[in-house]
Amino acid sequence: MATSTLFFVFFLLLFAPMAAFDVPTIPFSEGFSHLFGNDNLIRSKDDRSVRLSLNRYSGSGFISSELYEHGFFSASIKLPRDYTAGVVVAFYTSNGDIFSNTHDELDFEFLGNVRGKDWRIQTNVYGNGSTARGREERYLVPFDPTEAAHRYSILWTPDYIIFYIDDVPIREVVRSDAMGGDFPSKPMSVYATIWDGSSWATSYGKIKINYKYAPYVSEFSDLVLRGCRVDPIQQVDTAERCAETVEELMSADFALLTPMKRAAMHRFRERYMIYSFCYDQHRYGNFTFPDCDYVSPEHARFGEWGDNRFPPKEVRRSRRRVRKPSPINVQSSE
């Protein structure tokens, strides 16, 4: 079978139609406010999308107007084009401004690259200041995230966390007693930012940002904030007050990993995950994480640095040889 045909078949299997999330989006001003960057944040006239830009003077960002005790948070994001080495775009939840030493955090981080090479996408899970035991994973994706917007979503419940790209779950973290405080448990705000991550983002910091290509512009739309809003000061009976909202969250379609969704998640991870904290012996030695499955077939694919021994081919470098599956819209399952 030709390479182009194999890629097309795999693309269909990975992003096979599943029920689209029925989640209402909100205008920017209804749930968010400007965080930093002055004129580097530009809202659309209809208040439904935002552009964040980075230049040699400043990055930019926005923050949710409320804190949330669990929730489903989502945005469609289009990343900057061309040379983007050193650029970091992030969509995440955090309470670091309140709990500086014991903060919780859930991240989508998009790591730029040199011209002709793909963006890397990283997910992070930190609980109670556990950055020394950071649960990072890194992936490529079967599309060019600079050509069109794709939806990135974080579901955070008391029992588990799920990261989604479009309607495909790419990571699940299940809470266990052994995790202790490493599982995020305190109210968090939702953030979106773009900034200079030259010290680490591309080739472990070896390739820096080049402002000759600035401004770097990322676009955010289809904003979703669905969760239990809380007061960071008065948290009395928060669990009881949020019980109904959490129950609704955990019964929603995006919280239910059906066999089809689990199969799609396993296919994505098998094909596109290029780094896992679980197998990084140089960083963690013989330390074992309770949320890692060290006897799974996944383990055999990763080396002692946590990197995939058999990395996937990059989308951009494959374009000359692979037919682009233009009829397939991976953002929608309708």
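The legends below describe close-up views of a predicted model.

**View 1**
Nine strands make up an open sheet, arranged as β1-β4-β13-β6-β7-β8-β9-β15-β16, with antiparallel pairing. At the edges are β1 (32-36) and β16, each of which pairs on one side only. From one strand to the next the twist averages 20°. In a regular strand, side chains alternate between the two faces of the sheet.

**View 2. Strand β13 and its two partners.**
Strand β13 covers residues 189-196, and six of its eight residues are buried, so the strand is largely enclosed by the rest of the structure. One partner is strand β4 (residues 60-64), which is joined to β13 by four bridges and runs antiparallel to it. Within this pairing, Ile63 has Tyr191 of β13 as its bridge partner. Another partner is strand β6 (residues 87-94), paired with β13 in the antiparallel sense over eight bridges. Here Val89 has Ile194 of β13 as its bridge partner.

**View 3. Strands β8 and β9.**
Strand β8 (residues 120-126) and strand β9 (residues 137-139) run antiparallel and are joined by three bridges. Tyr139 in β9 stands opposite Ile121.

**View 4. The disulfide of Cys228 and Cys242.**
The model has two disulfides. One of them is formed by Cys228 and Cys242, whose sulfur atoms are 2.0 Å apart. This pair links distant parts of the chain: Cys228 belongs to strand β14 (residues 216-230) and Cys242 to helix α3 (residues 238-251), 14 residues apart. The disulfide is left-handed because the torsion about its S-S bond is about -75°. Cys228 has a relative accessible area of 4% and is therefore buried. Cys242 is buried as well, at 2% relative accessibility.

**View 5. The disulfide of Cys278 and Cys292.**
Cys278 is joined to Cys292 by a disulfide with an S to S distance of 1.9 Å. The link of Cys278 and Cys292 is left-handed, with -80° about the S-S bond. Cys278 is buried, with a relative accessible area of 11%. Cys292 also counts as buried, at 11% relative accessibility. When the bonded cysteines of the chain are numbered in sequence order, the pairing reads 1-2, 3-4.

**View 6. The stacked rings of Phe72 and Phe254.**
A pair of aromatic rings is described by the distance of the centres and the angle of the planes. The model contains 20 aromatic pairs. In the pair of Phe72 and Phe254, the ring centres are 3.9 Å apart and the planes are at 10°, so the pair is stacked. Phe72 lies in strand β5 and Phe254 in the loop between α3 and α4 (259-272); the pair links distant parts of the chain, 182 residues apart. Phe72 and Phe254 are both buried.

**View 7. The edge-to-face rings of Phe110 and Tyr152.**
Phe110 and Tyr152 form an edge-to-face aromatic pair, at 4.8 Å centre to centre and with 75° between the planes. The pair links distant parts of the chain, with Phe110 in strand β7 (residues 105-111) and Tyr152 in strand β10 (residues 150-156), 42 residues apart. Phe110 and Tyr152 are buried.

**View 8. A cluster of phenylalanine rings.**
Phe28, Phe32, Phe62 and Phe220 are linked into a cluster by ring pairs.

**View 9. Charged groups over aromatic rings.**
Lys186 lies over the face of Phe99, 5.2 Å from the ring centre. In another case, the charged end of Arg271 sits over the ring of Tyr272, at 5.2 Å from its centre.

**View 10. The contact of Ser76 and Asp222.**
Ser76 is in strand β5, which spans residues 67-78. With a relative accessibility of 1%, Ser76 counts as buried. Its side chain makes a polar contact with the side chain of Asp222, at 2.8 Å.

Definitions and conventions
Residues numbered from 1 in each chain as written. Predicted model: local features only at pLDDT ≥ 70, side-chain atom pairs only at ≥ 80, totals over all residues. Heavy atoms only, no water. Disulfide = S-S within 2.5 Å. Helix = DSSP H or I, 4+ residues; strand = E, 2+ residues; numbered from the N terminus. Buried < 20%, exposed > 50% of the residue type's maximum accessible area, 1.4 Å probe, protein only. Pairing = 2+ DSSP bridges. Axes fitted to C-alpha atoms, helices over the stretch in contact; angles between N-to-C directions. Polar contact = N/O pair within 3.5 Å; in protein donor to acceptor, adjacent residues only side chain to side chain. Phe/Tyr/Trp six-rings, centres within 6.5 Å; stacked < 30°, edge-to-face > 60°. Lys NZ or Arg CZ within 6 Å of the ring centre and 35° of its normal.
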